[in-house]
Amino acid sequence: MAENYPSKTVAFIGSECYPFVKTGGLGDVMYALPKALVKQNVEVRVIIPRYACIPEKWQNKMIYRGAFDMDLNPDGRRYYVGIMEYIEDGVIYDFIDNQEFFTAGKPYINLIDDIPRFCYFSKAALAALNYMDWAPDIIHCHDWQAALVPVYLRTLFADTPIARAKTMLTIHNLRFQGIYDAKTMKWWSGLPDYVFNMDALVENWVDANMLKGGLAYCDCITTVSNTYAQEIQTEFYGEHLDPHLRFHSGKLRGIVNGIDVDIWNPATDELLAANYDAETAVANKKLNKKALQESMGLQVDENKFVIGLVSRLTNQKGLDLVNSIIPQIMDEFTQLVVLGTGDSVYEDSFRYYENQYKGSLCAYIQYNEGVAHSIYAGADAFLVPSLFEPCGLTQLIAMHYGTAPIVRETGGLKDTVEPYNWAENTGNGFTFDRYESGLLLDAINRAKELYFEHREQFDEIVVRDMEKDVSWGNSADKYLELYNQMTQ
Ligand code: ADP
């Protein structure tokens with residue numbers, strides 16, 4: 001029957017995907033967007049490496065789909081490409097298996113190792129699609145690790161069945177581009193000499209940039225919010241690719257991310273002390289606050305204003321601003337819970353402050369999904385003061401858990417958090433514009449003032465946040481619209 005035919009066929013190619021392997025927002029998107037698209041009758045295959053670090057629970061569920069050998073670099077060796085498959089919620093996951101490339105205990109090692117791995121992966125993903133005789137309408141690639149896919153497609157794969165596909169390349173974070181010296185890249189990728197020119201892969205005359213090449217060769221570029229799509233065309237946010245992006249701006253679009261509301265649902269979340277919906281939030285968040293305070297070693301007191309922060313600890317996330325005002329934030333009415341790992345300078349400073357403000361400040365320096373859930377549910381406010389933020393998922397999750405975001409007006413933070421308007425009693429959170437610690441402090445103080453002196457209005461923000469639609473539905477519609485335009 002006609003309605004059973006997929007409206008489109010799409011291959012997602014990227015380096016991580018929840019729940020198999022995730023280091024940040026990319027992993028969430030690679031999981032949630034395909035799931036949302038399947039609901040719109042799109043047929044989706046997700047192709048990621050079969051890292052040895054994928055938990056055994058998932059490895060055991062994969063079934064062998066086939067294998068072949070592939071050439072890669074000029075040394076003439078044939079490289080094994082295995083395809084392991086797993087299907088869930090209508091999404092087909094194909095894992096590219098190669099023991100030589102993917103045995104490390106983590107998805108990324110360092111550029112010297114990662115450049116060959118992701119050259120291999122990008123080429124193997126296309127070869128696997130041909131092997132499976134599945135030539136989709138769209139090949140949707142993600143970030144620099146899959147950015148060579150459009151380049152391979154229009155060169156070495158130009159005369160193969162898969163070449164019928166149109167390509168979309170999504171930038172989840174422009175900071176990471178996959179840059180290495182052109183000679184090494186040329187050798188490992190096996191790509192023809194003519195793609196190593198200043199309009200495509202080459203920059204500075206000596207280096208090759210995988211993302212830059214992909215941006216030149218793909219049919220459509222997207223990034224994860226409208227504001228970031230504009231920002232990356234400027235020098236400040238452009239990470240030196242702004243001239244290239246301005247040149248290609250005709251095919252650049254911004255579509256904001258959503259969150260998977262099956263996983264992130266305070267009404268059913270089994271990791272919470274008490275479940276709640278918009279109606280029960282104000283009462284039940286107190287129980288979650290108590291549980292959070294107990295488990296984090298904070299003074300148990302429902303009247304404290306608890307601020308949460310869940311983040312990679314890097315300079316992108318505005319942690320310099322946070323660190324410089326902690327003494328001003330930490331009055332007797334306020335508690336701060338930080339969950340994150342990353343640069344040692346931030347790990348150490350948060351540990352230092354934990355010691356300084358025992359019982360009021362907790363620095364949980366780990367990657368821990370369970371603790372993340374309890375912070376989203378138990379905090380009153382949530383900090384995301386990023387220097388830049390392509391989209392940001394944590395403010396979306398926080399809002400969905402009725403926790404008021406305090407964010408800098410940049411990238412997706414600007415597009416998703418409407419500032420609280422005192423006169424009209426509207427808005428979802430507290431915002432500031434310039435990257436200055438005084439302005440962050442001011443935003444925190446505005447949140448505190450509302451919480452302590454006008455609790456009713458603060459509670460209305462909680463309810464508005466929970467009622468805001470942050471699911472993937474709208475964004476999946478927009479992707480589908482773009483897929484349709486690309487294949488007209
Ligand atoms: P980015 O991709 O830049 O790291 P995002 O806001 O897009 O930032 O996504 C971050 C995701 O990673 C969120 O799902 C957040 O909950 C999760 N996360 C970040 N740090 C931790 C941590 N230490 N423990 C658990 N989850 C974390």
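Thr 227 is in contact (heavy atoms within 4.5 Å) with Thr 410, Gly 411, Lys 414 and Asp 415, leaving aside its neighbours within four places in sequence. The model is predicted, so local features need pLDDT of at least 70 and side-chain atom pairs count only at pLDDT 80 or more, while totals for chains, interfaces and linings use all residues. Residues are numbered from 1 along each chain as its sequence is written, and side-chain values use heavy atoms, with hydrogens and water left out.

Thr 227 belongs to helix α7 (residues 226-231); helices (H or I, at least four residues) and strands (E, at least two) are DSSP runs numbered from the N terminus. With a relative accessible area of 15%, Thr 227 is buried, a term that means under 20% relative accessible area, with exposed over 50% and partly exposed in between (1.4 Å probe, protein chains only).

The chain as a whole is divided into domain 1 (2-258 + 473-487) and domain 2 (281-469), with bounds that come from an automatic or database domain assignment. The contact between them takes 22 residues from domain 1 and 20 residues from domain 2. Taken over C-alpha atoms, the domain centres are 33 Å apart.

A polar side-chain atom of Arg 312 lies 2.7 Å from a ligand oxygen atom. For Tyr 376, a side-chain N or O atom is 2.7 Å from an oxygen atom of the ligand. Thr 394 uses a backbone N or O atom, 3.4 Å from an oxygen atom of the ligand.

Another buried residue is Met 132, at 9% relative accessibility. Met 132 sits in the loop between α3 (111-131) and β6 (138-142). Not counting residues up to four places away in sequence, Met 132 touches Arg 45, Arg 65, Ile 83, Glu 85 and Asp 94.

Conventions. Polar contact = N/O pair within 3.5 Å; in protein donor to acceptor, adjacent residues only side chain to side chain.
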